[in-house]
Amino acid sequence: TFTARTDPDEAWVFLPGKTRKLLPVPAETGSRYRDDDVELLINGQKARLVRSDGQFILCQNDPRRAVWERAKLDGVDFRAVGNEPGWHLEIVAGSRIVLVTDYGASRVELPLPGPVVDRGGRMTRWDAGELVLEVKGEPCHDTMSGEKFETRVTVHWQGKILHGCGRALH
């Protein structure tokens, strides 16, 4: 597996042990990027990574994993998710909290306050006034996907308590 981040001007391919910057080249369909040793062809949710020695990898996008990789590349330090209703929370670049709730219908962005750490209880709490985030260092399983996480997350916002799971990205 590998991660690729693309835009019209370039593609970054994060391979085990090495990162490649590829430039766009004309393609019959989809998008095509290359450097002297690697070519990346993307068409919809499928991709092909070809090395100069002729070896190639056929790939398919993993949308659930892609969300986490994109957040990491965007400078997110910590990300949490929860269900019913669907929500996610991100601590971005150690400077702000972004909470998206109701399956994307509501969004709040606040400065990240200093944390209050309870080492004995393995909990960290951020109180941003209208939003309080508590992260507890204990195993957690996503209630819909069954995915395992290392932290349990509770968000207090607008009189609601949101429960979910999260992980550090850096």
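At 11% relative accessibility, E39 counts as buried, because the cut-off for buried is under 20%. Its partner is R34. The side chains of R34 and E39 meet in a salt bridge, 3.3 Å from N to O. R34 is partly exposed, with a relative accessible area of 37%.

A word of caution before going on. This is a predicted model.

Now the overall picture. The protein has 170 residues, and 35% of them count as buried. It holds 1 helix and 18 strands. Along the principal axes, the C-alpha atoms fill a box of roughly 55 × 35 × 30 Å. The accessible surface comes to about 10,400 Å². Carbon and sulfur atoms own 51% of that surface.

How many does a search of the whole structure find? The search finds 17. Take R5 and D74. Their side chains meet in a salt bridge, 2.6 Å from N to O. R5 lies in strand β1, and D74 lies in the loop between α1 and β8, so the pair ties together parts that are 69 residues apart in sequence. R5 is partly exposed, at 28% relative accessibility. D74 is partly exposed too, at 39%. There is a third member here. R5, R70 and D74 are linked in a network of salt bridges.

Another bridge joins R64 and E147, with the closest N and O atoms 3.8 Å apart. R64 sits in helix α1, and E147 sits in the loop between β15 and β16. That links parts of the chain 83 residues apart. E147 counts as partly exposed, at 21% relative accessibility.

Next, the rings. The count comes to 1 aromatic pair. Which residues form it? W68 and F149 do, and the pair is tilted. Their centres are 5.7 Å apart, with 45° between the planes. Why tilted? Because planes under 30 degrees apart count as stacked and those over 60 as edge-to-face, the rest are tilted. W68 lies in helix α1 and F149 in strand β16, so the pair ties together parts that are 81 residues apart in sequence. Both W68 and F149 are buried.

Stay with W68. R79 lies over the face of W68, at 4.9 Å from the ring centre. The charged end of R167 also sits over the ring of W68, 4.8 Å from its centre.

On to the cysteines. The whole structure has 1 disulfide. C140 and C165 form it, with their sulfur atoms 1.9 Å apart. C140 lies in strand β15 and C165 in strand β18, so the pair ties together parts that are 25 residues apart in sequence. What is the handedness of the disulfide? The torsion about the S-S bond is about -65°, so the disulfide is left-handed. Are C140 and C165 buried or exposed? Both are buried.

T154 lies in strand β17, which runs over residues 151–157. T154 is buried, with a relative accessible area of 14%. Leave out residues up to four places away in sequence, and T154 touches V132, L133, E134, I161, L162 and H163.

Key: Residues are numbered from 1 along each chain as its sequence is written. This is a predicted model: local features need pLDDT of at least 70, side-chain atom pairs count only at pLDDT 80 or more; totals for chains, interfaces and linings use all residues. Side-chain values use heavy atoms; hydrogens and water are left out. A disulfide is a pair of cysteine sulfur atoms within 2.5 Å. Helices (H or I, at least four residues) and strands (E, at least two) are DSSP runs, numbered from the N terminus. Buried means under 20% relative accessible area, exposed over 50%, partly exposed in between (1.4 Å probe, protein chains only). Contact means heavy atoms within 4.5 Å. Rings of Phe, Tyr and Trp (its six-membered ring) pair if their centres lie within 6.5 Å; planes under 30 degrees apart count as stacked, over 60 as edge-to-face and the rest as tilted. A charge sits over a ring if NZ of Lys or CZ of Arg is within 6 Å of the ring centre and within 35 degrees of the ring normal. Accessible areas come from the Shrake-Rupley method with a 1.4 Å probe; for residues, only the protein chains shown count as cover. A salt bridge is a side-chain nitrogen of Lys or Arg within 4 Å of a carboxyl oxygen of Asp or Glu.
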